[in-house]
Amino acid sequence: AVTTLGPAFGVTPMTVALLLSTEIALLLLGAALLRLDALGALLSAPVMQGFVSGSALAIAGGQVGPLLGLQWAPERLWPRADALTTGFGLVALALLVAARQWGVRGLQGIGLGPVRAQRLARMVPLLLVVLAIGAVAWLQARGQAAGLALAGRIAFGDVAGPAALASAPLGLWRAALPAALMIALVGYVSSLGVAQGLGARRNER
């Protein structure tokens, strides 16, 4: 929706993303005010858990290519991988798995309490992001990050503010509404499924 609606209405992708976020927030706020959460009782726990598991698999599968730097070409049977991007992805994935499996026990082994060790272990993804940003900046400064795949750049001058949202055409609001409704529905069902899963694990309703 972001890549298609922007050129169609002559606005930046940042404006479309801001508009979508606003519509999603308004839809979820309206659902909360109307107490539509009661509709969740119509969905059984296996359906909710299957939806959450399927969404997780679809998201993970869609990120394999960007994580490993795989590039598909029509004339090639196998994808071409960038060694630097693949290295970054595999190292980050290995560190995340190691932190989840042995992070808490390792921190407790050096003398930290259970609560503090669990909190620090949960901060590993944030620390990895900071380290990755620093490593990429270091490689770029040395001119060695030519093949490294990046998500993109963030320019503060391109950030859309309330003025861009207010000047967005009415047709854009209508065109973005189906996508916003679908995203809000998926987010609502996913959060409800996670809540039901945690409740079943703790024997709570």
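Where does Ala 180 sit? Ala 180 is in helix 9, which covers residues 170–201. Before I go on: what we are looking at is a predicted model.

Let's stay with Ala 180. Buried or exposed? Ala 180 is buried, because its relative accessible area is 0%, and the cut-off for buried is under 20%. What does Ala 180 touch, once we set aside residues up to four places away in sequence? The list is Leu 20, Glu 23, Ile 24 and Leu 27. Now look at Leu 19. In sequence, Leu 19 and Ala 180 are 161 residues apart. In space, their C-alpha atoms are 9.1 Å apart.

Turn to Ile 24. Again, leave out neighbours within four places in sequence. Ile 24 is in contact with Ala 180, Ile 183 and Ala 184.

That brings us to the core. How many residues are in the largest nonpolar core? It has 11 residues. Ala 180 and Ile 24 are among them, and so are Leu 19, Leu 20 and Ala 184. As background, nonpolar side chains tend to be buried together in soluble globular proteins.

Now a contrast. Ala 166 lies in helix 8, residues 162–166. Ala 166 is exposed, with a relative accessible area of 67%. Ala 166 and Leu 19 are 147 residues apart in sequence, and 9.4 Å apart from C-alpha to C-alpha.

Next, helix 5. This one runs over residues 83–109, and Thr 86 is in it. Thr 86 is buried, at 17% relative accessible area. Not counting residues up to four places away in sequence, Thr 86 touches Leu 68 and Ala 81.

Last stop: helix 5 against helix 7. Helix 7 is residues 124–141. The two axes come within 11 Å and cross at roughly 160°. Angles over 145 degrees count as roughly antiparallel, so helix 5 is roughly antiparallel to helix 7. The crossing is right-handed. Who makes the contact? From helix 5, Leu 84, Phe 88, Ala 92, Leu 95, Leu 96 and Ala 99. From helix 7, Val 124, Pro 125, Leu 128, Ala 132, Ala 135, Val 136 and Leu 139.

Technical notes
Residues numbered from 1 in each chain as written. Predicted model: local features only at pLDDT ≥ 70, side-chain atom pairs only at ≥ 80, totals over all residues. Heavy atoms only, no water. Helix = DSSP H or I, 4+ residues; strand = E, 2+ residues; numbered from the N terminus. Buried < 20%, exposed > 50% of the residue type's maximum accessible area, 1.4 Å probe, protein only. Contact = heavy atoms within 4.5 Å. Axes fitted to C-alpha atoms, helices over the stretch in contact; angles between N-to-C directions. Parallel < 35°, antiparallel > 145°, perpendicular 65-115°, else oblique. Left-handed = near helix turned anticlockwise from the far one by under 90°. Core = buried A, V, L, I, M, F, W, Y, C linked by side-chain atoms within 4.5 Å.
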